[in-house]
Structures are given as C-alpha cells and as structure tokens.
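Good morning. I will go through one structure today, a few residues at a time. Please keep the sequence and the picture in view while I talk.

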Amino acid sequence: MANSRTKARIEARIRQRVAYCVQFELNDPRSAFITITRAEVSSDLSTAKVFYSVYGTAGDRTRTECMLADATGFIRKQLSRVLRTRRIPRLTWIYDDTIEFQEKMEATISRALDRDREVNPAAHPERNPAPDAEPSEEEVLDREYLDFLETQEREE
C-alpha cells in the first residue's frame with residue numbers, strides 16, 4: 001500500500017510521461033488531437049487507469065482507442081525509464097467525456113439564459129450585454145485613455 005503523496009506523485013509522473021509519449025514518440029497517424037487528462041493508480045501500484053480525450057468524431061475516437069491499445073507495451077517501456085518502482089503498472093485506457101459534457105452543460109445554460117431573457121429582457125445583463133446599448137461615459141473615457149497610452153508607447 002502506497003501513501004497518498006507517493007500515489008499522487010506516481011499518478012502525475014504517469015500522466016506527464018504518457019502525454020509526452022503520445023505527443024512526441026509515437027509515429028502513428030492515429031495519434032492526432034489526443035489529450036491525456038489524468039491517471040489513477042491502484043493502491044498496490046499494479047494497475048493504472050489513464051484517462052484521455054480526443055478532439056474529433058466518433059471514428060477518430062475509435063481509431064485512437066485502437067492506437068492506444070496497440071501502443072500500450074511501448075508506453076509501459078517508456079514509463080519504466082522514469083518510474084522508480086519495482087513493477088510498472090498495467091495500463092488501462094478510459095475515454096474521458098468530461099469535455100463533451102462541459103460543452104453540453106454550457107449550451108444548456110446558454111439556452112436557459114436566452115429563454116429567461118425572452119421573458120425578462122433586463123435579466124442577466126452581466127452575461128451578454130444588449131448589442132445596441134451604448135457604452136457609458138466612463139467606458140468611453142477609459143477607452144480614450146488606453147488609446148492615448150498606446151500611441152505614447154508607439155512614439156517612444
């Protein structure tokens with residue numbers, strides 16, 4: 001059983017090294033647009049779950065999944081060079097859909113705010129100010145002052 005600090009250090013090192021391998025050492029065209037999001041190591045340090053996300057379509061995700069499965073041996077070998085453990089953990093690849101979930105949540109919140117603005121046009125002015133609203137006098141003065149400073153810097 002490893003203590004929590006050792007486990008966190010090993011997880012961080014695995015995430016860094018796997019990301020480096022995927023980005024620079026794998027010569028596979030299927031390895032484009034992969035992000036290693038995190039790694040979780042079991043308490044006995046025998047297995048590691050490596051979470052990844054892929055930018056692209058479902059086909060890209062499938063190709064990446066196959067590529068990572070094929071490259072597991074190579075990546076474990078590269079891990080053995082940097083980890084100072086007796087055994088190198090077996091790697092399990094898990095697709096991380098948190099980015100997609102975040103995009104869906106943002107879209108849902110945006111739709112809810114838009115519907116709220118339909119009911120009450122003055123609602124949520126901090127989110128999206130009205131496009132036809134004129135800037136306040138203070139904002140105009142701030143903009144003029146910043147423009148003045150920029151011209152002074154260019155002249156020097």
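Start with L149, which sits in helix α5, residues 137-155. This is a predicted model, so confidence comes up again later on. Is L149 buried or exposed, or something in between? L149 has a relative accessible area of 33%, so it counts as partly exposed. The cut-offs behind that word are under 20% for buried and over 50% for exposed. L149 is also one of the residues of a nonpolar surface patch, together with Y145, L146 and F148. The area of that patch is about 390 Å².

Now the charged residues. Side chains of opposite charge can pair when their charged atoms come close. Which residues does the salt-bridge network link? The network links R143, D147, E150 and R154. Take E150 as the way in. E150 has a salt bridge to R143, with 3.7 Å between the closest N and O atoms. E150 has another to R154, where the closest N and O atoms are also 3.7 Å apart. E150 and R154 are four residues apart in helix α5, so about one helical turn separates them. R154, with 62% relative accessibility, counts as exposed because the value is over 50%.

How many salt bridges does the structure hold? The structure holds eight. One of them joins D114 and R117, and there the closest N and O atoms are 2.8 Å apart. Both residues belong to helix α4, residues 98-119, and they are three residues apart, about one turn of the helix. D114 is partly exposed at 37% relative accessibility. R117 has 17% and counts as buried, because that is under 20%.

T64 is in helix α2, residues 58-70. Its relative accessible area is 1%, so T64 is buried. What does T64 touch, once neighbours within four places in sequence are left aside? T64 is in contact with R30, I34, Y52 and V54.

The other threonine is T72, in helix α3, which covers residues 72-82. T72 has 16% relative accessibility and therefore counts as buried too. With neighbours within four places in sequence set aside, T72 contacts L91 and W93. The side chains of T72 and W93 are joined by a polar contact of 2.9 Å.

Where is A32? A32 is in the loop between α1, residues 4-25, and β1, residues 34-41. A32 is partly exposed, at 39% relative accessibility. A32 and T98 are 66 residues apart along the chain, and their C-alpha atoms are separated by 19 Å.

Last, confidence. The protein chain has an average pLDDT of 87, and 94% of the residues score at least 70. Which elements have the lowest and the highest mean pLDDT? The lowest mean, 83, belongs to α5, the helix that holds L149. The highest, 96, belongs to strand β3, residues 90-95. Where pLDDT is low, the predicted coordinates should not be read in detail.

That is the end of the talk.

Conventions. Residues are numbered from 1 along each chain as its sequence is written. This is a predicted model: local features need pLDDT of at least 70, side-chain atom pairs count only at pLDDT 80 or more; totals for chains, interfaces and linings use all residues. Side-chain values use heavy atoms; hydrogens and water are left out. Patches are made of residues with over 30% relative accessible area and no salt bridge: like charges are joined within 9 Å, nonpolar side chains (Val, Leu, Ile, Met, Phe, Trp, Tyr) within 5 Å. Accessible areas come from the Shrake-Rupley method with a 1.4 Å probe; for residues, only the protein chains shown count as cover. A salt bridge is a side-chain nitrogen of Lys or Arg within 4 Å of a carboxyl oxygen of Asp or Glu. Helices (H or I, at least four residues) and strands (E, at least two) are DSSP runs, numbered from the N terminus. Buried means under 20% relative accessible area, exposed over 50%, partly exposed in between (1.4 Å probe, protein chains only). A polar contact is a pair of N or O atoms within 3.5 Å; within protein, one must be able to donate a hydrogen and the other to accept it, and residues adjacent in sequence count only if both atoms are side-chain atoms. Contact means heavy atoms within 4.5 Å. pLDDT is the predictor's confidence in each residue, from 0 to 100.
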